[in-house]
Amino acid sequence: MSETKPKGWRDNIVLFGALAANLGIAVAKFVAAGFTGSSSMLTEGVHSLVDSGNQVLLLYGQKRARRPADPAHPFGYGRELYFWAFVVAILIFAIGAGVSIYEGYLHVVTPEPLADPLVNYIVLGIAALMEGASWTIAMREFDARRGDLGWWQAIHESKDPAGFIVLFEDSAALIGLVVAAIGVWCSHHFDDARLDGYASIVIGVLLAAVAIVLARESKGLLIGERADPAVIARARAIILGHREVRYVNHVRTIHSAPDMVFVAISADFDDALDMGSAEALIETIETELRAALPQLSSIYIRPEKQAAAVTFPPVG
């Protein structure tokens, strides 16, 4: 059993870049909110602080997922990353969205007069530049991995949550900055401090929507998702390349980590094969599968008559 391949800081540049940006932005936003009393700036600070914690959790999840298999977890700890990705989605919903909506509600019910908004605009501009840099890094990394897939399909098919979570967070952050700027401007232009509170509520709703999408994608990974159809098709072709294999009943896969796949294969072998020949054939097939598809960390091949095999209709 191989363990998940270790990642250096260069492989985690998306997470480290987002973490550095969010920590700096959070401090600036809290300082600006303290000087100006802006509700939307305060919620934006909470948003950046939650995002920073999320990057730390994802880095921690990656470290935990790299632990080698042991008797208690014979298939490794790779899926622990998916657990922490789900925790991140819950935190975005509970803390990011919850605090933003609550803080906005308080400023709508009991509005506070705002000070000079210049500090807010300066901080929002700096934050936009830093978030934009983080978003660009995340977008380039994701675009390089998605290949010919569409954006939404690539997110749905991705087995590495760290990349698309940062992309979603940065996208929500950039939209939130625009909403916060509009809220600050409107509250001064119309001389109504409640408008800044409404902007906070809008930011909270945006974060809640992002959290729901991320929770849905993380849930699928946590439960267990199949490998890429191209991997399954390649494995099937390799098996059928042996004339002693009459039929491949099924090739069932599940990701135990972003780059580790467990595969269970049922195949109908030629009845003329004796036990020794069948064992030698299985070993040969396993060797070929590992050479062609190194992500297959565990391979199980079961000789089984086609009539007796339980199959499922193809996905999609």
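## The main core

A nonpolar core is a set of buried Ala, Val, Leu, Ile, Met, Phe, Trp, Tyr and Cys residues joined through side-chain atoms within 4.5 Å. With that in mind, we can look inside this structure, which is a predicted model. Its largest nonpolar core has 46 residues, and Phe164, Ile165 and Leu214 have the most contacts inside it. At least two residues of this core come from each of α1, α2, α3 (80-109), α4, α5 (151-157), α6 and α7 (194-223). Helix α6 gives the largest share, 10 residues.

Which residues does Phe164 touch, not counting those up to four places away in sequence? They are Phe142, Ile155, Ser158, Leu214, Glu217 and Leu221. Another core, of 23 residues, lies apart from the largest one; among its members are Ala227, Leu293, Leu296 and Ile301.

## The chain as a whole

Let us step back for a moment. The chain holds 9 helices and 3 strands, and from the N terminus on its elements follow the order α-α-α-α-α-α-α-α-β-β-α-β. The radius of gyration is 25 Å, well over the 20 Å that the globule rule gives for 316 residues, so the chain is more spread out than a compact globule. Taken along the principal axes, the C-alpha atoms fill a box of roughly 90 × 35 × 35 Å.

Of the 316 residues in the chain, 46% are buried. Among contacts between residues at least 6 apart in sequence, 76% join residues at least 24 apart.

## Helix α1

Helix α1 covers residues 13-36, which makes 24 residues. From its first C-alpha to its last it reaches 34 Å, close to the 34 Å expected at 1.5 Å a residue. Its buried residues include Val14, Leu15, Leu19 and Ile25, along with Asn22, Lys29 and Thr36.

What do the buried residues of α1 pack against? Their partners are α2 (39-65), α4 (118-146) and α6 (161-189). Just after the helix comes Gly37, with a positive phi of about 75°.

## Helix α8

Val231, Ile232, Ala235, Ile238 and Ile239 are the buried residues of α8. They cover an arc of only 125° around the axis, which puts them on the same side of the helix.

These buried residues pack against β1 (245-257), β2 (260-269), α9 (275-292) and β3 (296-303). At the start of α8, a side-chain oxygen of Asp228 comes to within 2.7 Å of the backbone nitrogen of Ala230.

## Two residues to look up

Thr253 is a residue of strand β1. Is Thr253 buried or exposed? Its relative accessible area is 14%, and buried means under 20%, so Thr253 counts as buried. A polar atom of its side chain lies 2.9 Å from the backbone nitrogen of Ala227. Leaving aside neighbours within four places in sequence, Thr253 is in contact with Glu225, Arg226, Ala227, Ile232, Val261, Phe262 and Val263. Ile232 is also one of the buried residues of α8.

Ile126, in helix α4, has a relative accessibility of 46% and counts as partly exposed. In sequence, Ile126 and Tyr198 are 72 residues apart; in space, they are 23 Å apart, C-alpha to C-alpha.

Conventions: Residues numbered from 1 in each chain as written. Predicted model: local features only at pLDDT ≥ 70, side-chain atom pairs only at ≥ 80, totals over all residues. Heavy atoms only, no water. Buried < 20%, exposed > 50% of the residue type's maximum accessible area, 1.4 Å probe, protein only. Helix = DSSP H or I, 4+ residues; strand = E, 2+ residues; numbered from the N terminus. Arc of directions from axis to C-beta. Contact = heavy atoms within 4.5 Å. Polar contact = N/O pair within 3.5 Å; in protein donor to acceptor, adjacent residues only side chain to side chain. Expected span 1.5 Å × (residues − 1). Rg over C-alpha atoms; globule rule 2.2 N^0.38 Å.
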